[in-house]
Amino acid sequence: METMLDYINQEQETLESIIESFDVAQTDVKHVKHCLILATGSSYNACLSAKNYIEETAPVYVQIEEPFNFLHYGKIDPNIDLIIAVSQSGKSTSTIQAVEKLTQTRSIKTIALTSDAKSPITKVVDEVVELNMGIEMVGFVTKGYSATVLNLMLLGLRIAYQNESVDQVKLKSELSELKNAIRQINLVIEKTNEFWLKNQADLLAGSRFITIGYGPNLGTAKEFETKFTETVRLPSQGFELEAYMHGPYLEANGNHSLFFIENDNRLHERSHILKTYLSEYVAACYTITTSAISEPKTLSLSIETPEKISPLLLVIPFQYLAYQIATGKGIDLNKRIFDDFDQVLKSKI
């Protein structure tokens, strides 16, 4: 039986395969200007991580909504000309119902991103973009998360090229940047393992975990929250940098383990000041950064990559640490819990 760690170790090969098969003309997205993305859970976090790339690369506005709330309380902007429904399993009830409702009153092009081309969601959309990563049998998605982020970035690149905001030269440059990041995934896993071995005792002793990120890595922080909550099963939250300073910091105490996600950005200094301040009040402050920094409790990836691409790499340490901390705490991630949840709550078809 494959484990969560097995899927993490497959990420580089999987993402390399996805980008090598990229076809800029695969999906017709000409004239798209306003895009509504429907997603929940890890799929929602993946959309947050890719949003900055899409909007920086293509002449498009991206709105991300969680489908259940939007289905019952939302109002669709009349400017929306593309709906993207993201569901790795293709069985998310609320996402399927939202697409059905939104397309009843007016004609809007719909695309589903899913790993299962025969899943229920494919029956309610115009086109299907397969994630091309196979079916992930472990419930705590890792490979599928990264595949979703990459496919969304590539969809943004298609929108940019088909709407002539990037030419062939820029297209090749963008693909080269993505490939450069992807080919370093295994190195990130190796460095995270070294970081884990150095900080194992403190991480296993943790009882409250918080991650703080900004920009596209707000999505990374929120995926940390999802993954740690699912696996480590202790209080875990991901915050945007400034939002954490407006109230949540008052909770800080000696039981908290904080992770700061950093890269070469103008907000780096503000994040560093916050970390320095809080280090006196919490159990530990860790930094996960793309930069080359030699400091205690710092995972330095020493990778040069544009900030808009960095979520592809910066999420991997959290996936790896979630698995190792959960396993180290004696949690059997292959043993299903709340086995009748979907049946009772009908959250998935």
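Me: What should I know about the model before I start?
Reply: The model is predicted, so local features need pLDDT of at least 70 and side-chain atom pairs count only at pLDDT 80 or more, while totals for chains, interfaces and linings use all residues. Residues are numbered from 1 along each chain as its sequence is written, and side-chain values use heavy atoms, with hydrogens and water left out.

Me: How are helices and strands named, and when do two strands pair?
Reply: Helices (H or I, at least four residues) and strands (E, at least two) are DSSP runs, numbered from the N terminus. Two strands pair if DSSP finds at least two bridges between them.

Me: Which strand does S1 join through four bridges?
Reply: Strand S1 (residues 34-38) runs parallel to strand S3 (residues 82-86), and four bridges join them. Within this pair, Cys 35 stands opposite Leu 82 in S3.

Me: What is the strand order in the other open sheet, with S7 in it?
Reply: That open sheet also consists of five strands, in the order S7-S6-S8-S9-S10, and the pairing is parallel. Strand S7 (236-240) and strand S10 (298-300) each have a single partner strand, so one side of each is left without a neighbour in the sheet. Three bridges hold the parallel pair of S9 (residues 284-289) and S10, and Ile 288 stands opposite Leu 299 in S10.

Me: How do I read the angle between a helix and a strand?
Reply: Axes are lines fitted to C-alpha atoms, for helices over the stretch in contact, and angles run from 0 to 180 degrees between N-to-C directions. Contact means heavy atoms within 4.5 Å. Helix H8 (residues 185-205) lies across S6 (208-213), S8 (256-262), S9 and S10, and runs at about 175° to S10. Helix H9 (residues 218-231) lies across S6, S7 and S8, at about 175° to S7.

Me: How is a pair of aromatic rings described?
Reply: The description uses the distance of the centres and the angle of the planes. Rings of Phe, Tyr and Trp (its six-membered ring) pair if their centres lie within 6.5 Å; planes under 30 degrees apart count as stacked, over 60 as edge-to-face and the rest as tilted. The structure holds ten aromatic pairs. In one of them, the ring centres of Phe 224 and Phe 259 are 6.1 Å apart and the planes stand at 55°, so this pair is tilted. Phe 224 lies in helix H9 and Phe 259 in strand S8, so the pair ties together parts that are 35 residues apart in sequence.

Me: Which class does the pair of Phe 259 and Phe 318 fall into?
Reply: Phe 259 and Phe 318 are edge-to-face, with 5.6 Å from centre to centre and 85° between the planes. Phe 318 belongs to helix H13 (residues 316-328) and Phe 259 to strand S8, so here the linked parts are 59 residues apart in sequence. Ring pairs join both residues to Phe 195, Phe 209, Phe 224, Phe 228 and Tyr 286 in a cluster.

Me: Are Phe 224 and Phe 259 buried or exposed?
Reply: Buried means under 20% relative accessible area, exposed over 50%, and partly exposed in between (1.4 Å probe, protein chains only). Phe 224 is buried at 1%, and Phe 259 is buried at 0%. By contrast, Glu 164 is exposed, with 71%. Glu 164 is found in the loop between helix H6 (143-162) and helix H7 (168-182), and its phi is near 60°, a positive value in a residue other than glycine.

Me: How many disulfides are there?
Reply: A disulfide is a pair of cysteine sulfur atoms within 2.5 Å. By this rule the count is zero. For Cys 35, the nearest cysteine sulfur is that of Cys 47, 8.8 Å away. Cys 35 is buried, with a relative accessible area of 3%.
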